[in-house]
Amino acid sequence: MALARDFYLPSLVTQTKGEEVTYTSYYNHYRWSDASSNCNSQGAFLAKIKSLDEIKKARQVFIVHHPTDYWVGVKYDESLNVFVWADGAPVVVNPNFEAIVNRTKQGEQGFSKRCLYVTNDDVLLADDCETHRKYICQSGESDDAVMASK
């Protein structure tokens, strides 16, 4: 499926321990899988949000007058019973990540809300992966959950 060219704002560049991370928000509304594919076509990936600090950084690229509900690159894999990144790799669970997700709902059998998105709240919320939302792509990787502005 060919995706239309997306509208986006200039990127926010953040840096951690010498590694550059760039977030870019997109206004077009896609299903989670299509948002992931579009990020990949841009040489990026859906944002890997691992902590509250990263949620706060990602919020800085929210589009003016459209401040909430952006897909990020984590979903719950019911068959593995773990959170995974958009590329399928398991999320390394640590206290920073646990503080921003709600495992109670994710672990429920038949729960349809598996893909996570960021809002103005200090947690990642879950929704059906077929829901159309704006999204945030990331280029560059950060091993450290704490980020500082460049």
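First, the ground rules. The model is predicted, so local features need pLDDT of at least 70 and side-chain atom pairs count only at pLDDT 80 or more, while totals for chains, interfaces and linings use all residues. Residues are numbered from 1 along each chain as its sequence is written, and side-chain values use heavy atoms, with hydrogens and water left out.

Now the fold. The protein has four helices and nine strands. Those are DSSP runs, numbered from the N terminus: H or I of at least four residues for helices, E of at least two for strands. From the N terminus, the order is β-β-α-β-α-β-β-α-α-β-β-β-β. Of the 150 residues, 44% are buried. Buried means under 20% relative accessible area, with a 1.4 Å probe and protein chains only. Next, contacts, meaning heavy atoms within 4.5 Å. Take those between residues at least 6 apart in sequence: 68% join residues at least 24 apart.

On to the disulfides. A disulfide here is a pair of cysteine sulfur atoms within 2.5 Å. The whole structure holds two. One is C39 with C137, sulfur atoms 2.0 Å apart. C39 is in helix α1 and C137 in strand β8, 98 residues apart. This link is left-handed, at -85° about the S-S bond. Both C39 and C137 are buried.

C115 and C129 make a disulfide too, with sulfur atoms 1.9 Å apart. C115 sits in strand β6 and C129 in the loop between β7 and β8, so this pair ties together parts 14 residues apart in sequence. Here the link is right-handed, with 95° about the S-S bond. C115 and C129 are buried as well. Counting bonded cysteines along the chain, the pattern is 1-4, 2-3.

Last, the aromatics. Rings of Phe, Tyr and Trp (its six-membered ring) pair if their centres lie within 6.5 Å; planes under 30 degrees apart are stacked, over 60 edge-to-face, the rest tilted. That gives six pairs. Y30 and Y135 are tilted: 5.7 Å centre to centre, 35° between planes. Y30 is in strand β2 and Y135 in strand β8, so the pair ties together parts 105 residues apart in sequence. F83 and F97 have ring centres 5.5 Å apart and planes at 75°, so that pair is edge-to-face. F83 is in strand β5, F97 in helix α3. Y76, F83, W85 and F97 form one aromatic cluster.

Technical notes:
Buried < 20%, exposed > 50% of the residue type's maximum accessible area, 1.4 Å probe, protein only.
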